[in-house]
Amino acid sequence: MKVPKRLQPLVDDGLIDEVVSQLMSGKEAQVYVVRCGDELRCAKVFKEASQRSFKQAVQYQEGRKARNTRRARAMAKKTRYGQKEQEAAWLTSEVDALYRLAAADVRVPRPHGFVDGVLLMDLISDGEDGVAPQLGEVALSPEKAREYHDRIITDVVRMLCAGLVHGDLSEFNVLVDQDGPVIIDLPQAVDAAGNNNAPMLLVRDVDNMRAWFGRFEPALLNTDYGKEIWALYEAGELHPDSRLTGHFEPDTLDVDVMELMAVIDDAREEAEERRERERDDLEDDD
């Protein structure tokens, strides 16, 4: 096929030998199958901010650290330079996440470089020279659904132990190759410790997986891995090999804030009345 304009520099530099076909066009990027030497790989071409339809960038970008203080100040003030740096941080976030997660033994596509907004990475195949299907396209037996669900939960735990939450995990962001599920699409991955939305996003990711696999194995619908995983993480007790139960008991000692404030006000009033009585007693003694 004709080489797309954004891929031409990579062809000129010898990073890509041939553009084979367009694989998909999504809300934030276009993906092509390319040949690099003897290997087929993916080239993910990120759209510019004005062309993306992914509207919740702020929710995901909280907690991402700028490379230096000048950039951080510019990003915070939303100057033209700051907006440019924010865009660069968004574009490089998936590359950083892929390298970090591959090192943590999470099943993700292996990255091979990032040039001018184009990410080169492994092509996840079906084992027969085709592209692996999305999880949402695969029918599963109850046994296979439970196996794949367990493997996804294991990867979610490994991701969190590596400090990341996917943030948009669903049956559309998981491919299934001959060895099982592979998690993809990570530009919105959030910093678990620095993003206030991380607990909600992690639970939503896990609940999405529960709902999908529960179609094939209804027993999974009675599990609550998301809240259990986050509770262990928050307590500093989550490890890549943590044994999970799938059950979560919420804290029954949740404090009613309004009731607590009323108790504090009552105690303050009682203390003031006690001080007034003590002053009155001293005056009477005089």
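## Asp-185 and its loop

Asp-185 sits in the loop that links strand E8 (180-183) to strand E9 (190-191). The model is predicted. In it, the phi angle of Asp-185 is positive, at about 55 degrees, although Asp-185 is not a glycine.

## Asp-105, another positive phi

Asp-105 also belongs to a loop. This loop runs between helix H4 (80-103) and strand E4 (111-115). Phi of Asp-105 is near 65 degrees. That is a positive value, and the residue is something other than glycine.

Is Asp-105 buried or exposed? Its relative accessible area is 56%. Exposed means over 50%, so Asp-105 counts as exposed.

Leu-23, Met-24 and Val-131 make a nonpolar surface patch. The patch covers about 210 Å².

Where does Val-131 lie? It is in the loop between strand E5 (118-122) and helix H5 (142-161). Val-131 has a relative accessibility of 33%. Partly exposed residues fall between the 20% limit for buried and the 50% limit for exposed, so Val-131 counts as partly exposed.

## Helices H5 and H7

H5 pairs here with helix H7, residues 225-234. The axes of H5 and H7 come within 11 Å. They cross at roughly 25 degrees. Angles under 35 degrees count as roughly parallel, so H5 is roughly parallel to H7.

Which hand does the crossing of H5 and H7 have? The crossing is right-handed.

Notes
Residues numbered from 1 in each chain as written. Predicted model: local features only at pLDDT ≥ 70, side-chain atom pairs only at ≥ 80, totals over all residues. Heavy atoms only, no water. Patch = residues over 30% accessible without salt bridge, like charges linked within 9 Å, V, L, I, M, F, W, Y side chains within 5 Å. Areas by Shrake-Rupley, 256 points an atom, 1.4 Å probe, with all protein chains shown as cover. Salt bridge = Lys/Arg side-chain N within 4 Å of Asp/Glu carboxyl O. Helix = DSSP H or I, 4+ residues; strand = E, 2+ residues; numbered from the N terminus. Buried < 20%, exposed > 50% of the residue type's maximum accessible area, 1.4 Å probe, protein only. Axes fitted to C-alpha atoms, helices over the stretch in contact; angles between N-to-C directions. Parallel < 35°, antiparallel > 145°, perpendicular 65-115°, else oblique. Left-handed = near helix turned anticlockwise from the far one by under 90°.
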